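This briefing is for a reader meeting the structure for the first time. Please look over the sequence and the model shown below before going on to the notes.

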Amino acid sequence: MIRLNWFSPLPPAETDIAHYTADLLPALAARAQLTLWTEAKTWDPALEKFGAVRHYYPKIKNTELAGTLNVFHIANQRAFHLHIFRLAHEVPGLVVLHDLAIPNLIGGLPFSTRRAQPIGPADFDRALGLFVHARRALEIFRGQKIPAAYRPFPYAARDWPDSRDSDPVKRLILFGQLDVPGRLDVVLQALASHPRRDRFRLDIFGRVLKRRRIDRAIKQLALSESVTLHGYVAEAELDAALSRADLALNLRFPTMGEASSSQLRIWDHGLASLVTRGGWYADLPEGTVGYVDVENEIPQLHQHFDALLDDPEFYARLGQRGRAELLAAHTPDNYVDALIQLAEEVSS
């Protein structure tokens, strides 16, 4: 059985990659001997049934990593991945690349000045192999000196009660990255300018960095009765909201080339969603999402809002097809099989 040092954010860290690790652990622990490494000083003790959990920041001795393949999870969130990224430049390992562009992560690092975006093979000079979640990322790294593999981002599907009703007022939901990439300003403008705005309620979940500005915008747009900012909430509360929502707004621009765990969570609830046509989202199977083009966001959002009111069954089918895609292509078992195969290849 292969031995892995798994460097990743761990629950309860407020990042989707911590959830990703939690989803993988049952299948991963069945195929590998795991040591879970975290820079946090506390973690969910339930993780310890899958492997030892160890704290590595600010220093780790190379002797502690000997005889085990390091697996480094790299994404664009500086708070969770900066030290993993630095460590991946010090010791060899298998890199799991979650975002194709990582400007927030490499900005300000001494070795980042020569790098363009998206990143390429030169950014991982100590990598033994690369595992990616977007086909476009695989195209960049294919044919290089190190082996690369692709699998769709995994998600452990669950059974959720459907709390949607036939209320003429439709519930919209937006969660996750809420500032520039999530297009929150555009969503508020689209809702405020829609002729039937009184037929919608928008629930927003997650931390907003510029909360006062958004509060002012909601007031100025006269949306106080239509929009609720919930902040960061417990997982169960967010899942309940997804189960009763009629349409999710999962817009991302600019995109980091990332596979969206938020999108998989939306599909898990059989919920229809609107996404930006670009990056990973542009390659989603036809009929699983509704698209919005950056050049024409507000008019196209209005078209979707009208269609949701006039033909809600169309969006119900969209959500059902999304869940079918989740169950067919994103299982943790298939993902772990491919990851272990690459890990054994680079370890031999």
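Glu 14 is partly exposed, with 36% relative accessible area. The model is a predicted one. The side chain of Glu 14 meets that of Arg 207 in a salt bridge, at 2.1 Å from N to O. Arg 207 is in the loop between E9 and helix H6 (211-220) and Glu 14 in the loop between E1 and H1, so the pair ties together parts 193 residues apart in sequence. Arg 207 itself is exposed, its relative accessible area being 51%.

**Other salt bridges**

- The structure has 17 salt bridges.
- Side chains of opposite charge can pair when their charged atoms come close.
- Asp 283 and Arg 136 form a salt bridge in which the closest N and O atoms are 3.1 Å apart. This pair also links distant parts of the chain: Asp 283 belongs to the loop between strand E12 (273-276) and strand E13 (290-292), while Arg 136 belongs to helix H4 (residues 135-141), 147 residues apart.
- Asp 283 is partly exposed at 43% relative accessible area, and Arg 136 is partly exposed at 38%.
- In the salt bridge of Asp 203 with Arg 171, 2.8 Å separates the closest N and O atoms. Asp 203 lies in strand E9 and Arg 171 in strand E8, so that distant parts of the chain, 32 residues apart, are linked.
- Is Asp 203 buried or exposed? With 7% relative accessibility, Asp 203 counts as buried, whereas Arg 171 is partly exposed at 29%.

**The seven-stranded sheet**

- Seven strands make up an open sheet with parallel pairing, and their order is E3-E2-E1-E4-E5-E6-E7.
- The edges are strand E3 (52-55) and strand E7 (148-150); each has a single partner strand, so one side of each lacks a neighbour in the sheet.
- On average, neighbouring strands of this sheet are turned by 25° against each other, direction ignored.
- Strand E5 (residues 93-97) and strand E6 (residues 127-132) run parallel and are joined by five bridges. Val 96 stands opposite Phe 131 in E6.
- Helix H1 (residues 16-31) packs on the sheet, where it touches strand E1 (2-7), strand E2 (32-38), strand E4 (69-74) and E5. The direction of H1 makes about 150° with that of E2.

**Helix H1 against helix H11**

- H1 also packs with helix H11 (residues 332-347); the angle is about 60° and the axes are 9 Å apart. The crossing of these two helices, H1 and H11, is right-handed.
- From H1, the contact includes Tyr 20, Leu 24, Ala 27 and Arg 31. From H11, Pro 332, Tyr 335, Val 336 and Ile 340 are among the residues that take part.
- Which kinds of residue make up the contact of H1 with H11? The residues divide into nine nonpolar, no polar and four charged.

**Buried helices**

- Seven of the nine residues of helix H5 (residues 184-192) are buried, so H5 is largely enclosed by the rest of the structure. They are Leu 184, Val 186, Val 187, Leu 188, Ala 190, Leu 191 and Ala 192.
- The buried residues of H5 pack against E8, E9, H6, strand E10 (227-231), strand E11 (247-250) and helix H9 (297-310).
- Helix H7 (residues 235-244) has buried residues at Leu 238, Asp 239, Ala 241, Leu 242 and Ser 243. These pack against strand E8 (170-175), strand E9 (200-205) and helix H8 (261-268).

**Backbone points**

- Most residues other than glycine have a negative phi, and most peptide bonds are trans.
- The peptide bond from Pro 11 to Pro 12 is cis, and its omega is near 10°. Pro 12 is placed in the loop between E1 and H1.
- A cis peptide bond also runs from Tyr 57 to Pro 58, with omega near 15°. Pro 58 is placed in the loop between E3 and E4.
- Ala 222, a residue other than glycine, has a positive phi, near 55°. Ala 222 sits in the loop between H6 and E10 and is exposed, with a relative accessible area of 52%.

Methods:
Residues are numbered from 1 along each chain as its sequence is written. This is a predicted model: local features need pLDDT of at least 70, side-chain atom pairs count only at pLDDT 80 or more; totals for chains, interfaces and linings use all residues. Side-chain values use heavy atoms; hydrogens and water are left out. Two strands pair if DSSP finds at least two bridges between them. Helices (H or I, at least four residues) and strands (E, at least two) are DSSP runs, numbered from the N terminus. Axes are lines fitted to C-alpha atoms, for helices over the stretch in contact, and angles run from 0 to 180 degrees between N-to-C directions. Contact means heavy atoms within 4.5 Å. Buried means under 20% relative accessible area, exposed over 50%, partly exposed in between (1.4 Å probe, protein chains only). A salt bridge is a side-chain nitrogen of Lys or Arg within 4 Å of a carboxyl oxygen of Asp or Glu. A crossing is left-handed if the near helix is turned anticlockwise from the far one by less than a right angle, and right-handed if clockwise. Ala, Val, Leu, Ile, Met, Phe, Trp, Tyr, Cys and Pro count as nonpolar, Asp, Glu, Lys and Arg as charged, and the others, Gly among them, as polar.
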